[in-house]
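Work through the exercises below with the sequence and the structure at hand. Each task is followed by a solution in steps.

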Amino acid sequence: MSARLELKNISFSYEEENKILDKISFNIDSNDFLVLLGSSGCGKTTLLYIIAGLLSQSDGEVLIDGINVNNQDPKSRDVAMVFQNYALYPSMTIYNNIALDEINSYIFEVENVDLSHIYIDGTKIVANANRYSWVWKRSSKKNRQKTFNKITALFQEINSSLVYQDVEFEVRTEYPIEYMELIIDRYIKLFDIQPECIVRGRGHHKTAEQRIYDKLVEYTEKLKKYAIHINTCGDNRNSYSKTDNDATFFRMKRDYMGNDQLLPGYNIQLGVCDEYIAVADVKQYASDMDCFIPLMEKFKKIYGFYPKYPVADAGYGSFNNYLYCEEHGMEKYMKFTMFEKESKDEKYRDNPYRAVNFPINKNGKPVCPNGKEFNFLYTRPVKGNKYGRTEELYQCEDCTNCNHKEQCCKAKGNRIIRLNEELTIVHQEVLSNLNSTKGALLRMNRSIQAEGAFGTIKWNRAYTRAKRRGLKGINLEILMICCGFNLHKYHLKSQSQKRAA
(Lines give C-alpha, C1' and ligand atoms only; values in the text may rest on other atoms or scores of the structure.)
Protein backbone atom coordinates (compact mmCIF):
# COMPACT_ATOMS: atom_id res chain seq x y z
CA MET A 1 0.00 0.00 0.00
CA SER A 2 1.43 3.36 -1.05
CA ALA A 3 1.49 6.32 1.33
CA ARG A 4 2.60 9.94 1.48
CA LEU A 5 5.15 11.06 4.08
CA GLU A 6 5.35 14.67 5.17
CA LEU A 7 7.76 16.25 7.68
CA LYS A 8 7.05 19.74 9.05
CA ASN A 9 9.75 21.71 10.87
CA ILE A 10 11.34 18.68 12.56
CA SER A 11 13.87 19.70 15.22
CA PHE A 12 15.81 17.53 17.64
CA SER A 13 18.53 18.12 20.21
CA TYR A 14 20.09 16.01 22.97
CA GLU A 15 20.95 19.19 24.84
CA GLU A 16 19.83 22.76 24.29
CA GLU A 17 23.20 23.81 22.91
CA ASN A 18 23.68 20.62 20.85
CA LYS A 19 20.98 20.77 18.17
CA ILE A 20 21.11 17.82 15.75
CA LEU A 21 18.15 18.70 13.50
CA ASP A 22 16.83 22.22 12.90
CA LYS A 23 13.43 22.69 11.19
CA ILE A 24 13.70 19.91 8.60
CA SER A 25 10.74 19.84 6.19
CA PHE A 26 10.07 17.79 3.03
CA ASN A 27 7.41 15.64 1.35
CA ILE A 28 7.76 12.15 -0.12
CA ASP A 29 4.96 11.07 -2.44
CA SER A 30 3.98 7.50 -3.24
CA ASN A 31 6.63 5.55 -5.22
CA ASP A 32 9.24 8.29 -4.64
CA PHE A 33 12.81 7.28 -3.75
CA LEU A 34 14.71 9.68 -1.47
CA VAL A 35 18.37 9.48 -0.39
CA LEU A 36 19.68 11.41 2.63
CA LEU A 37 23.31 12.44 2.20
CA GLY A 38 25.52 14.08 4.77
CA SER A 39 28.64 13.77 6.89
CA SER A 40 28.86 11.47 9.90
CA GLY A 41 26.87 12.84 12.83
CA CYS A 42 24.77 15.27 10.81
CA GLY A 43 21.48 13.61 11.86
CA LYS A 44 20.56 11.17 9.04
CA THR A 45 19.95 8.19 11.35
CA THR A 46 18.30 10.42 13.95
CA LEU A 47 15.79 11.57 11.34
CA LEU A 48 15.01 7.97 10.39
CA TYR A 49 14.50 7.14 14.08
CA ILE A 50 11.99 9.99 14.34
CA ILE A 51 10.07 8.83 11.26
CA ALA A 52 9.95 5.25 12.58
CA GLY A 53 8.89 6.42 16.05
CA LEU A 54 12.00 5.25 17.90
CA LEU A 55 12.78 8.83 18.93
CA SER A 56 10.49 11.75 19.70
CA GLN A 57 11.35 15.03 18.03
CA SER A 58 11.81 18.20 20.06
CA ASP A 59 9.52 20.10 17.71
CA GLY A 60 7.61 19.59 14.47
CA GLU A 61 5.18 17.06 12.99
CA VAL A 62 5.40 13.73 11.18
CA LEU A 63 2.39 13.05 8.93
CA ILE A 64 1.63 9.82 7.09
CA ASP A 65 -1.23 10.17 4.59
CA GLY A 66 -2.08 13.46 6.24
CA ILE A 67 -2.43 11.94 9.72
CA ASN A 68 -0.24 13.24 12.54
CA VAL A 69 1.58 10.22 14.00
CA ASN A 70 3.61 12.07 16.67
CA ASN A 71 1.90 10.15 19.48
CA GLN A 72 1.73 6.75 17.76
CA ASP A 73 3.95 3.79 18.68
CA PRO A 74 6.38 2.42 16.06
CA LYS A 75 4.20 -0.65 15.48
CA SER A 76 1.21 1.58 14.67
CA ARG A 77 3.03 3.62 12.01
CA ASP A 78 3.53 0.69 9.60
CA VAL A 79 7.06 1.88 8.75
CA ALA A 80 9.91 -0.55 8.00
CA MET A 81 13.51 0.25 8.88
CA VAL A 82 16.79 -1.65 8.51
CA PHE A 83 19.83 -0.71 10.63
CA GLN A 84 23.24 -0.45 9.02
CA ASN A 85 25.25 -1.78 12.00
CA TYR A 86 22.81 -3.05 14.64
CA ALA A 87 20.84 -6.27 14.62
CA LEU A 88 18.76 -4.93 17.52
CA TYR A 89 17.31 -1.59 18.58
CA PRO A 90 20.25 -0.20 20.57
CA SER A 91 18.04 1.95 22.76
CA MET A 92 15.93 -1.00 23.95
CA THR A 93 16.58 -3.77 26.44
CA ILE A 94 17.12 -7.38 25.43
CA TYR A 95 13.59 -8.33 26.47
CA ASN A 96 12.07 -5.43 24.53
CA ASN A 97 14.02 -6.42 21.42
CA ILE A 98 13.27 -10.13 21.47
CA ALA A 99 10.03 -10.08 23.48
CA LEU A 100 10.17 -13.72 24.62
CA ASP A 101 7.25 -13.05 26.96
CA GLU A 102 5.13 -11.82 24.02
CA ILE A 103 5.93 -14.95 22.01
CA ASN A 104 5.14 -17.08 25.05
CA SER A 105 1.89 -15.25 25.83
CA TYR A 106 0.56 -16.18 22.38
CA ILE A 107 1.74 -19.80 22.51
CA PHE A 108 0.64 -20.30 26.12
CA GLU A 109 -2.84 -18.97 25.38
CA VAL A 110 -3.26 -21.21 22.32
CA GLU A 111 -1.79 -24.27 24.04
CA ASN A 112 -3.44 -23.54 27.42
CA VAL A 113 -0.09 -23.95 29.19
CA ASP A 114 -0.20 -24.62 32.94
CA LEU A 115 2.05 -22.01 34.59
CA SER A 116 1.37 -23.22 38.13
CA HIS A 117 3.79 -26.15 37.66
CA ILE A 118 7.32 -25.14 36.70
CA TYR A 119 10.19 -27.59 36.23
CA ILE A 120 13.58 -26.05 36.95
CA ASP A 121 17.04 -27.13 35.93
CA GLY A 122 20.41 -25.53 35.34
CA THR A 123 23.56 -26.26 33.41
CA LYS A 124 26.94 -24.66 32.90
CA ILE A 125 28.21 -23.75 29.44
CA VAL A 126 31.77 -22.84 28.54
CA ALA A 127 32.28 -19.14 27.88
CA ASN A 128 33.84 -17.74 24.75
CA ALA A 129 37.02 -16.96 26.66
CA ASN A 130 40.60 -18.14 26.98
CA ARG A 131 40.63 -21.04 29.44
CA TYR A 132 44.02 -19.97 30.83
CA SER A 133 43.09 -16.32 31.46
CA TRP A 134 41.96 -16.71 35.05
CA VAL A 135 42.11 -14.13 37.83
CA TRP A 136 41.51 -15.30 41.41
CA LYS A 137 40.17 -12.89 43.99
CA ARG A 138 41.83 -14.72 46.87
CA SER A 139 45.24 -14.55 45.16
CA SER A 140 44.72 -10.86 44.43
CA LYS A 141 43.95 -10.18 48.10
CA LYS A 142 46.97 -12.22 49.18
CA ASN A 143 49.31 -10.43 46.77
CA ARG A 144 47.87 -7.07 47.79
CA GLN A 145 48.71 -7.83 51.42
CA LYS A 146 52.27 -8.75 50.37
CA THR A 147 52.51 -5.41 48.60
CA PHE A 148 51.29 -3.66 51.75
CA ASN A 149 54.11 -5.33 53.68
CA LYS A 150 56.66 -4.22 51.07
CA ILE A 151 55.36 -0.66 51.28
CA THR A 152 55.69 -0.74 55.06
CA ALA A 153 59.33 -1.89 54.78
CA LEU A 154 59.97 0.83 52.18
CA PHE A 155 58.43 3.55 54.38
CA GLN A 156 60.57 2.43 57.30
CA GLU A 157 63.65 2.69 55.09
CA ILE A 158 62.62 6.18 53.96
CA ASN A 159 61.90 7.32 57.53
CA SER A 160 65.29 6.08 58.73
CA SER A 161 67.01 8.20 56.07
CA LEU A 162 64.89 11.27 56.93
CA VAL A 163 65.28 11.08 60.70
CA TYR A 164 67.40 14.27 60.79
CA GLN A 165 65.04 16.25 58.51
CA ASP A 166 62.06 16.04 60.85
CA VAL A 167 60.03 14.31 58.09
CA GLU A 168 58.20 11.02 58.51
CA PHE A 169 55.87 9.01 56.28
CA GLU A 170 52.99 7.40 58.18
CA VAL A 171 53.25 3.61 58.38
CA ARG A 172 49.89 1.80 58.12
CA THR A 173 48.60 -1.74 57.87
CA GLU A 174 46.85 -0.93 54.56
CA TYR A 175 47.60 1.74 51.98
CA PRO A 176 44.82 3.20 49.81
CA ILE A 177 45.78 4.12 46.26
CA GLU A 178 44.96 7.77 46.88
CA TYR A 179 47.32 7.81 49.86
CA MET A 180 50.13 6.29 47.79
CA GLU A 181 49.66 8.88 45.05
CA LEU A 182 49.81 11.59 47.70
CA ILE A 183 53.05 10.08 49.08
CA ILE A 184 54.60 10.01 45.59
CA ASP A 185 53.80 13.69 45.04
CA ARG A 186 55.24 14.54 48.45
CA TYR A 187 58.39 12.50 47.76
CA ILE A 188 58.90 14.24 44.40
CA LYS A 189 58.73 17.66 46.03
CA LEU A 190 60.87 16.62 48.98
CA PHE A 191 63.81 15.42 46.84
CA ASP A 192 63.13 17.59 43.78
CA ILE A 193 62.76 14.56 41.50
CA GLN A 194 61.81 15.08 37.87
CA PRO A 195 60.13 11.81 36.71
CA GLU A 196 60.66 12.60 33.01
CA CYS A 197 64.41 12.96 33.54
CA ILE A 198 64.99 9.72 35.47
CA VAL A 199 67.58 7.52 33.73
CA ARG A 200 66.58 4.05 32.55
CA GLY A 201 68.32 0.97 31.22
CA ARG A 202 71.78 -0.55 31.51
CA GLY A 203 74.84 1.54 32.08
CA HIS A 204 72.99 4.28 33.90
CA HIS A 205 73.49 4.85 37.58
CA LYS A 206 70.38 5.63 39.62
CA THR A 207 70.48 7.57 42.84
CA ALA A 208 68.99 6.08 46.01
CA GLU A 209 66.12 8.56 45.78
CA GLN A 210 65.35 7.48 42.21
CA ARG A 211 65.29 3.80 43.18
CA ILE A 212 62.86 4.51 46.02
CA TYR A 213 60.71 6.60 43.68
CA ASP A 214 60.57 3.71 41.18
CA LYS A 215 59.51 1.33 43.94
CA LEU A 216 56.75 3.70 45.09
CA VAL A 217 55.40 3.90 41.54
CA GLU A 218 55.71 0.12 41.05
CA TYR A 219 53.83 -0.70 44.26
CA THR A 220 51.12 1.85 43.48
CA GLU A 221 50.55 0.32 40.03
CA LYS A 222 50.32 -3.14 41.61
CA LEU A 223 47.70 -1.90 44.10
CA LYS A 224 45.68 -0.46 41.20
CA LYS A 225 45.84 -3.78 39.37
CA TYR A 226 44.75 -5.78 42.42
CA ALA A 227 41.93 -3.31 43.10
CA ILE A 228 40.62 -3.83 39.55
CA HIS A 229 40.77 -7.63 39.99
CA ILE A 230 38.92 -7.56 43.32
CA ASN A 231 36.26 -5.09 42.15
CA THR A 232 35.66 -7.06 38.95
CA CYS A 233 35.05 -10.25 40.97
CA GLY A 234 32.65 -8.42 43.27
CA ASP A 235 31.12 -9.91 46.41
CA ASN A 236 29.63 -13.07 44.87
CA ARG A 237 32.49 -14.37 42.71
CA ASN A 238 35.95 -15.72 43.41
CA SER A 239 37.30 -15.55 39.86
CA TYR A 240 36.85 -14.12 36.39
CA SER A 241 38.41 -14.41 32.94
CA LYS A 242 40.61 -11.68 31.48
CA THR A 243 39.09 -12.21 28.02
CA ASP A 244 35.50 -12.18 29.33
CA ASN A 245 35.25 -10.37 32.63
CA ASP A 246 31.70 -11.62 33.29
CA ALA A 247 32.68 -15.30 33.01
CA THR A 248 33.43 -17.26 36.20
CA PHE A 249 35.63 -20.35 36.45
CA PHE A 250 33.59 -23.50 37.20
CA ARG A 251 33.97 -27.23 37.26
CA MET A 252 32.05 -28.50 34.25
CA LYS A 253 30.15 -31.80 34.15
CA ARG A 254 32.27 -33.09 31.29
CA ASP A 255 35.97 -32.95 32.13
CA TYR A 256 37.52 -33.61 28.71
CA MET A 257 41.10 -33.40 29.94
CA GLY A 258 40.42 -35.64 32.94
CA ASN A 259 42.38 -33.35 35.27
CA ASP A 260 39.52 -31.60 37.08
CA GLN A 261 40.29 -28.41 35.20
CA LEU A 262 38.28 -25.26 35.89
CA LEU A 263 36.88 -23.51 32.82
CA PRO A 264 35.33 -20.05 32.35
CA GLY A 265 31.58 -20.34 31.99
CA TYR A 266 28.05 -19.26 32.87
CA ASN A 267 25.26 -20.92 34.83
CA ILE A 268 22.16 -21.16 32.61
CA GLN A 269 18.80 -21.56 34.39
CA LEU A 270 15.57 -22.67 32.69
CA GLY A 271 12.01 -22.93 33.99
CA VAL A 272 9.84 -25.18 31.81
CA CYS A 273 6.03 -25.33 31.83
CA ASP A 274 4.23 -27.98 29.74
CA GLU A 275 7.36 -28.51 27.61
CA TYR A 276 7.78 -24.79 26.83
CA ILE A 277 10.51 -22.60 28.32
CA ALA A 278 8.61 -20.05 30.44
CA VAL A 279 11.59 -18.25 31.97
CA ALA A 280 15.36 -18.26 31.46
CA ASP A 281 18.19 -16.62 33.32
CA VAL A 282 22.00 -16.43 33.20
CA LYS A 283 24.01 -16.22 36.41
CA GLN A 284 27.67 -16.12 37.42
CA TYR A 285 27.17 -18.33 40.51
CA ALA A 286 28.51 -21.86 40.66
CA SER A 287 25.72 -23.03 42.97
CA ASP A 288 22.17 -23.55 41.70
CA MET A 289 20.86 -22.70 45.18
CA ASP A 290 21.77 -19.04 44.65
CA CYS A 291 19.97 -18.99 41.27
CA PHE A 292 16.53 -20.16 42.46
CA ILE A 293 15.24 -16.92 44.01
CA PRO A 294 16.33 -14.67 41.09
CA LEU A 295 14.65 -17.09 38.65
CA MET A 296 11.38 -17.02 40.60
CA GLU A 297 11.48 -13.24 40.84
CA LYS A 298 11.97 -13.06 37.08
CA PHE A 299 8.97 -15.38 36.61
CA LYS A 300 6.90 -13.10 38.86
CA LYS A 301 7.97 -10.02 36.90
CA ILE A 302 6.91 -11.58 33.58
CA TYR A 303 3.66 -13.31 34.55
CA GLY A 304 2.57 -11.34 37.62
CA PHE A 305 2.45 -14.29 40.04
CA TYR A 306 4.61 -17.04 41.52
CA PRO A 307 4.22 -20.67 40.37
CA LYS A 308 2.41 -22.88 42.86
CA TYR A 309 4.62 -25.93 42.37
CA PRO A 310 8.32 -25.27 41.62
CA VAL A 311 9.98 -28.65 41.04
CA ALA A 312 13.77 -28.89 41.11
CA ASP A 313 16.59 -31.32 41.88
CA ALA A 314 18.84 -31.44 44.93
CA GLY A 315 20.91 -28.47 43.80
CA TYR A 316 18.10 -26.07 44.80
CA GLY A 317 16.94 -27.46 48.15
CA SER A 318 18.33 -25.09 50.76
CA PHE A 319 16.69 -23.76 53.92
CA ASN A 320 16.73 -20.25 52.43
CA ASN A 321 14.85 -21.41 49.36
CA TYR A 322 12.30 -23.40 51.39
CA LEU A 323 11.46 -20.38 53.56
CA TYR A 324 11.28 -18.21 50.42
CA CYS A 325 8.68 -20.64 49.04
CA GLU A 326 6.68 -20.38 52.27
CA GLU A 327 6.73 -16.58 52.09
CA HIS A 328 5.36 -16.53 48.54
CA GLY A 329 2.80 -19.33 48.71
CA MET A 330 4.80 -21.96 46.82
CA GLU A 331 4.86 -25.65 47.73
CA LYS A 332 8.18 -27.31 48.55
CA TYR A 333 9.01 -29.77 45.79
CA MET A 334 12.77 -29.22 45.56
CA LYS A 335 15.00 -32.07 46.67
CA PHE A 336 17.64 -31.50 49.33
CA THR A 337 21.15 -32.89 49.22
CA MET A 338 20.56 -36.23 50.98
CA PHE A 339 17.05 -36.81 49.58
CA GLU A 340 17.91 -40.02 47.72
CA LYS A 341 19.57 -41.57 50.78
CA GLU A 342 16.74 -40.51 53.05
CA SER A 343 14.22 -42.06 50.66
CA LYS A 344 15.91 -45.27 49.51
CA ASP A 345 18.73 -46.15 51.93
CA GLU A 346 17.09 -47.61 55.04
CA LYS A 347 20.45 -48.28 56.66
CA TYR A 348 21.34 -44.59 56.43
CA ARG A 349 17.86 -43.31 57.31
CA ASP A 350 17.42 -45.50 60.40
CA ASN A 351 21.06 -45.35 61.57
CA PRO A 352 20.79 -45.08 65.39
CA TYR A 353 24.05 -43.13 65.53
CA ARG A 354 22.72 -40.21 63.46
CA ALA A 355 22.09 -37.20 65.68
CA VAL A 356 18.60 -36.63 64.25
CA ASN A 357 17.63 -40.15 65.37
CA PHE A 358 18.68 -39.65 69.00
CA PRO A 359 15.65 -39.77 71.33
CA ILE A 360 14.96 -36.78 73.60
CA ASN A 361 14.58 -37.61 77.29
CA LYS A 362 12.29 -35.92 79.81
CA ASN A 363 15.00 -33.32 80.50
CA GLY A 364 14.94 -32.24 76.86
CA LYS A 365 18.40 -33.66 76.15
CA PRO A 366 19.40 -35.99 73.30
CA VAL A 367 20.43 -39.48 74.40
CA CYS A 368 22.89 -41.67 72.47
CA PRO A 369 22.53 -45.48 71.98
CA ASN A 370 24.77 -45.98 75.02
CA GLY A 371 22.31 -44.06 77.20
CA LYS A 372 24.54 -41.01 77.69
CA GLU A 373 23.02 -37.54 77.71
CA PHE A 374 24.22 -34.72 75.47
CA ASN A 375 24.59 -31.41 77.27
CA PHE A 376 23.85 -28.12 75.53
CA LEU A 377 26.96 -26.10 74.63
CA TYR A 378 25.84 -23.03 72.68
CA THR A 379 23.79 -21.75 69.74
CA ARG A 380 25.42 -20.30 66.64
CA PRO A 381 24.08 -18.79 63.39
CA VAL A 382 24.30 -20.86 60.24
CA LYS A 383 26.76 -19.38 57.74
CA GLY A 384 25.13 -17.84 54.67
CA ASN A 385 21.58 -18.07 56.03
CA LYS A 386 19.34 -15.09 55.23
CA TYR A 387 16.51 -15.88 57.66
CA GLY A 388 18.37 -15.98 60.97
CA ARG A 389 18.53 -19.77 61.18
CA THR A 390 20.65 -21.10 64.06
CA GLU A 391 21.89 -24.52 65.10
CA GLU A 392 22.39 -25.93 68.58
CA LEU A 393 25.55 -27.77 69.59
CA TYR A 394 25.49 -30.52 72.23
CA GLN A 395 28.34 -32.56 73.71
CA CYS A 396 28.15 -36.06 75.16
CA GLU A 397 28.65 -36.20 78.91
CA ASP A 398 31.18 -39.05 78.68
CA CYS A 399 32.42 -41.13 75.74
CA THR A 400 35.19 -42.83 77.74
CA ASN A 401 35.40 -46.63 77.16
CA CYS A 402 32.15 -46.54 75.17
CA ASN A 403 31.43 -49.80 73.28
CA HIS A 404 29.75 -47.81 70.48
CA LYS A 405 32.68 -45.46 69.91
CA GLU A 406 33.77 -46.85 66.53
CA GLN A 407 30.26 -46.77 65.07
CA CYS A 408 29.26 -43.50 66.73
CA CYS A 409 32.10 -41.08 65.91
CA LYS A 410 35.79 -40.74 65.08
CA ALA A 411 36.56 -37.89 67.47
CA LYS A 412 39.11 -38.50 70.22
CA GLY A 413 37.16 -36.69 72.92
CA ASN A 414 33.47 -36.55 73.71
CA ARG A 415 31.27 -36.37 70.63
CA ILE A 416 29.73 -33.03 69.65
CA ILE A 417 26.55 -32.98 67.56
CA ARG A 418 24.69 -30.21 65.74
CA LEU A 419 20.90 -30.13 65.75
CA ASN A 420 18.52 -27.89 63.83
CA GLU A 421 14.91 -28.66 64.61
CA GLU A 422 13.54 -26.21 62.01
CA LEU A 423 15.55 -27.76 59.19
CA THR A 424 14.60 -31.29 60.25
CA ILE A 425 10.88 -30.38 60.16
CA VAL A 426 11.25 -28.81 56.70
CA HIS A 427 13.08 -31.90 55.39
CA GLN A 428 10.28 -34.14 56.66
CA GLU A 429 7.74 -31.98 54.82
CA VAL A 430 9.77 -32.13 51.61
CA LEU A 431 10.13 -35.91 51.92
CA SER A 432 6.37 -36.22 52.37
CA ASN A 433 5.69 -34.04 49.32
CA LEU A 434 8.17 -35.68 46.95
CA ASN A 435 7.38 -39.27 47.97
CA SER A 436 3.65 -38.80 47.46
CA THR A 437 1.97 -39.86 44.21
CA LYS A 438 1.84 -36.26 43.02
CA GLY A 439 5.49 -35.74 43.99
CA ALA A 440 6.58 -38.84 42.04
CA LEU A 441 4.75 -37.59 38.94
CA LEU A 442 6.26 -34.13 39.27
CA ARG A 443 9.77 -35.56 39.65
CA MET A 444 9.27 -37.72 36.58
CA ASN A 445 7.97 -34.74 34.58
CA ARG A 446 10.94 -32.62 35.64
CA SER A 447 13.40 -35.17 34.31
CA ILE A 448 11.47 -35.31 31.03
CA GLN A 449 10.72 -31.63 30.49
CA ALA A 450 13.53 -29.59 32.12
CA GLU A 451 16.36 -32.01 31.41
CA GLY A 452 14.82 -32.74 28.01
CA ALA A 453 14.96 -29.05 27.11
CA PHE A 454 18.67 -28.91 27.93
CA GLY A 455 19.21 -32.17 26.06
CA THR A 456 17.67 -30.67 22.93
CA ILE A 457 19.59 -27.40 23.22
CA LYS A 458 23.00 -28.83 24.14
CA TRP A 459 23.16 -32.07 22.20
CA ASN A 460 20.57 -31.92 19.41
CA ARG A 461 21.49 -28.31 18.62
CA ALA A 462 25.17 -28.59 19.70
CA TYR A 463 25.07 -25.54 21.97
CA THR A 464 27.80 -26.27 24.51
CA ARG A 465 29.93 -23.15 24.15
CA ALA A 466 28.84 -19.51 24.14
CA LYS A 467 29.22 -17.51 20.94
CA ARG A 468 29.10 -14.06 22.56
CA ARG A 469 30.94 -12.50 25.45
CA GLY A 470 29.66 -10.65 28.48
CA LEU A 471 26.59 -11.22 30.63
CA LYS A 472 24.43 -9.05 28.37
CA GLY A 473 25.54 -10.95 25.27
CA ILE A 474 24.91 -14.36 26.87
CA ASN A 475 21.44 -13.24 28.02
CA LEU A 476 20.67 -12.23 24.44
CA GLU A 477 21.98 -15.55 23.16
CA ILE A 478 19.93 -17.63 25.59
CA LEU A 479 16.76 -15.63 24.90
CA MET A 480 17.13 -16.22 21.16
CA ILE A 481 17.68 -19.93 21.78
CA CYS A 482 14.56 -20.06 23.99
CA CYS A 483 12.51 -18.29 21.33
CA GLY A 484 13.67 -20.80 18.74
CA PHE A 485 13.04 -23.72 21.08
CA ASN A 486 9.46 -22.65 21.87
CA LEU A 487 8.60 -21.82 18.25
CA HIS A 488 9.98 -25.18 17.09
CA LYS A 489 8.09 -27.02 19.82
CA TYR A 490 4.88 -25.18 18.89
CA HIS A 491 5.43 -26.02 15.20
CA LEU A 492 5.96 -29.73 15.96
CA LYS A 493 2.83 -29.88 18.12
CA SER A 494 0.77 -28.07 15.48
CA GLN A 495 1.94 -30.46 12.78
CA SER A 496 1.23 -33.43 15.03
CA GLN A 497 -2.32 -32.19 15.66
CA LYS A 498 -2.90 -31.72 11.91
CA ARG A 499 -1.73 -35.27 11.17
CA ALA A 500 -3.93 -36.63 13.96
CA ALA A 501 -6.94 -34.77 12.55
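**Exercise 1.** Decide whether Tyr324 is buried or exposed.

Solution. Buried means under 20% relative accessible area, exposed over 50%, and partly exposed in between, with a 1.4 Å probe and protein chains only. Tyr324 has a relative accessible area of 4%, so Tyr324 is buried. The model is predicted: local features need pLDDT of at least 70, side-chain atom pairs count only at pLDDT 80 or more, and totals for chains, interfaces and linings use all residues. Residues are numbered from 1 along each chain as its sequence is written, and side-chain values use heavy atoms, leaving out hydrogens and water.

**Exercise 2.** Find which aromatic pair Phe292 and Tyr324 form.

Solution. Rings of Phe, Tyr and Trp (its six-membered ring) pair if their centres lie within 6.5 Å; planes under 30 degrees apart count as stacked, over 60 as edge-to-face and the rest as tilted. The centres of Phe292 and Tyr324 are 6.2 Å apart, with 85° between the planes, which makes the pair edge-to-face. Phe292 lies in helix α8 (residues 289–303) and Tyr324 in helix α9 (residues 319–327), so the pair ties together parts 32 residues apart in sequence. Helices here are DSSP runs (H or I, at least four residues), and strands are runs of E, at least two, numbered from the N terminus. Phe292, at 0% relative accessibility, is buried.

**Exercise 3.** State where Trp134 and Phe249 lie.

Solution. The whole structure holds 22 aromatic pairs. In one of them, Trp134 and Phe249 are edge-to-face. Trp134 is in strand β6 (residues 134–136) and Phe249 in strand β8 (residues 248–251), 115 residues apart. Trp134 is partly exposed at 38%, whereas Phe249 is buried at 7%.
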